Amino acid sequence: MTLTHVRAYIVGHGERRSPRGRDQPKAAVDIVEQAARERKDIAEDPNAKLIFASFDGALSDAAKRHGRHPTAAETHLELERSRRMPGLTLEGFDWLIKCRLLNETASIRAADLRRSAKPRAAERYVNFSLHFMPRGQRERYRQEWEAEMTALVPAEADRFARGVLRTAVKSGLSLRVRELFGRMAA
């Protein structure tokens with residue numbers, strides 16, 4: 001590869017095939033927009049890795065900027081702000097997201113599915129544990145425990161819920177005694 005080919009590859013350009021712009025680079029935005037119009041998978045393009053790398057970089061930058069997983073609008077704004085893909089329309093951006101999700105490896109998709117699946121057994125353990133808590137505090141505990149479990153994969157959530165069930169009897173009893181007698185001096 002010559003130096004000009006390396007530069008074109010790094011920038012994310014391909015070569016135009018039209019007679020008028022024969023050896024001029026084709027911008028990544030043009031590739032995405034054309035693929036969106038034709039409903040063609042972007043992963044089939046030779047520059048797909050660089051296009052997806054630009055998208056992933058903007059997603060990462062937006063996550064750092066906002067301190068959480070960014071929305072699609074925030075990611076699109078970050079693509080514009082960082083000048084990675086200036087002029088990308090919302091339709092092109094939506095198509096880029098769809099193609100990016102299709103291009104993910106099976107293991108990543110399986111990990112996302114595992115993380116998003118609701119563990120039924122863990123929910124049952126939490127619901128049973130709530131019976132030991134005082135009535136006025138049950139909803140607060142349910143929200144805390146469910147928030148804790150959403151960040152865990154199902155196996156970890158199941159372990160967490162079993163631990164909650166083991167300590168629920170003792171915790172509920174001490175809360176009810178405190179509720180009946182108030183705080184007692186030690």
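Trainee: What does valine 177 count as, at 39% relative accessibility?

Mentor: Partly exposed, because its 39% falls between the limits: buried is under 20% relative accessible area and exposed is over 50%, with a 1.4 Å probe and protein chains only. Mind that this is a predicted model, where local features need pLDDT of at least 70, side-chain atom pairs count only at pLDDT 80 or more, and totals for chains, interfaces and linings use all residues. Residues are numbered from 1 along each chain as its sequence is written, and side-chain values use heavy atoms, leaving out hydrogens and water.

Trainee: Where does valine 177 lie?

Mentor: In helix α9, residues 154-181. Helices here are DSSP runs (H or I, at least four residues), numbered from the N terminus.

Trainee: Switching to α4, which of its residues are buried?

Mentor: Glu74, Thr75, His76, Glu78 and Leu79, in a helix covering residues 72-81. After α4 comes arginine 83, with a positive phi near 65°.

Trainee: How do the axes of α3 and α4 cross?

Mentor: At roughly 110°, and they come within 8 Å; α3 is residues 48-66. The axes are lines fitted to C-alpha atoms over the stretch in contact, with angles from 0 to 180 degrees between N-to-C directions. So α3 is roughly perpendicular to α4, a label for 65 to 115 degrees.

Trainee: Which residues meet there?

Mentor: On the α3 side, Phe55 and Leu59 are among them, and α4 brings residues including Glu78 and Leu79. Contact means heavy atoms within 4.5 Å.

Trainee: And alanine 28, buried or exposed?

Mentor: Buried, at 15% relative accessibility. Alanine 28 lies in α2, residues 28-38.

Trainee: How far is alanine 28 from leucine 88?

Mentor: They're 60 residues apart in sequence but 9.2 Å apart in space, C-alpha to C-alpha.

Technical notes:
Helices (H or I, at least four residues) and strands (E, at least two) are DSSP runs, numbered from the N terminus. Angles under 35 degrees count as roughly parallel, over 145 as roughly antiparallel, 65 to 115 as roughly perpendicular and the rest as oblique.
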